[in-house]
Amino acid sequence: MPDTRPPRPNASEIRAITDAMVRLLIGAPLHSDGKLTIVSLAAEAGLRRNKLTHKHTGLKDLFYALVRGRDPLPETVPESARARADKQQQNLTCIRAERDDLRSQAQLLARIVQVLEIENHQLKEANTNLRGQVAAQGAVRDLTRRRRT
């Protein structure tokens, strides 16, 4: 008659998992990144993840219960750090506004320079045309430069 009982869990695996739980929960991991996840627990225990998700589900549930039951550490941020962060946020807002203002001024100056370039080009063309007209009239004597005696 075949044995229909489920296989007995390996005592060394259970020991490795419980030791890994303790190390993770106290914040002293040896073989993992220290996160409170099943992947980290498996790495800490030196086992594959599926050992916890399929074979040792009771230990997995216990680990999750212990993680949920931990008292969250209060986030103690000193007032000076909070005030400094607020001040930096205000400075950042001011600097962004100044940057946007300078950006719009730079665009305006670029448009002004472009208009001045066009006007300069037109004036140079007009000057060239006028010089050509003066040169064409070079045969005509300039009476305005006559000497008075």
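Author: A patch here is made of residues with over 30% relative accessible area and no salt bridge, and nonpolar side chains are joined within 5 Å. Keep that in mind for this predicted model.

Reader: Happy to! Which residues form the nonpolar patch on the surface?

Author: Leu 108, Leu 109, Ile 112 and Leu 116 form it, with about 370 Å² of accessible area together.

Reader: Why is Leu 109 called exposed?

Author: Exposed means over 50% relative accessible area. Leu 109 has 53%, so it counts as exposed. You will find Leu 109 in helix 5, residues 79-136.

Reader: Now the opposite case, please. Why does Ile 17 count as buried?

Author: The cut-off for buried is under 20%. Ile 17 has a relative accessibility of 0%, so it is buried. Its place is in helix 1, residues 11-26.

Reader: What is Ile 17 in contact with, leaving aside its neighbours within four places in sequence?

Author: Contact needs heavy atoms within 4.5 Å, and Leu 41, Ala 45, Leu 47, Leu 52, His 56 and Leu 59 are the partners of Ile 17. Take Leu 47: it lies 30 residues from Ile 17 in sequence, while their C-alpha atoms are 8.3 Å apart in space.

Reader: What makes helix 2 mostly covered?

Author: Six of the eight residues in helix 2 (38-45) are buried. They are Ile 38, Ser 40, Leu 41, Ala 42, Glu 44 and Ala 45. Their cover includes helix 1, helix 3 (49-55) and helix 4 (57-69).

Reader: And what follows helix 2?

Author: Gly 46 does, and its phi is positive, near 75°.

Terms used
Residues are numbered from 1 along each chain as its sequence is written. This is a predicted model: local features need pLDDT of at least 70, side-chain atom pairs count only at pLDDT 80 or more; totals for chains, interfaces and linings use all residues. Side-chain values use heavy atoms; hydrogens and water are left out. Helices (H or I, at least four residues) and strands (E, at least two) are DSSP runs, numbered from the N terminus. Buried means under 20% relative accessible area, exposed over 50%, partly exposed in between (1.4 Å probe, protein chains only). Patches are made of residues with over 30% relative accessible area and no salt bridge: like charges are joined within 9 Å, nonpolar side chains (Val, Leu, Ile, Met, Phe, Trp, Tyr) within 5 Å. Accessible areas come from the Shrake-Rupley method with a 1.4 Å probe; for residues, only the protein chains shown count as cover. A salt bridge is a side-chain nitrogen of Lys or Arg within 4 Å of a carboxyl oxygen of Asp or Glu.
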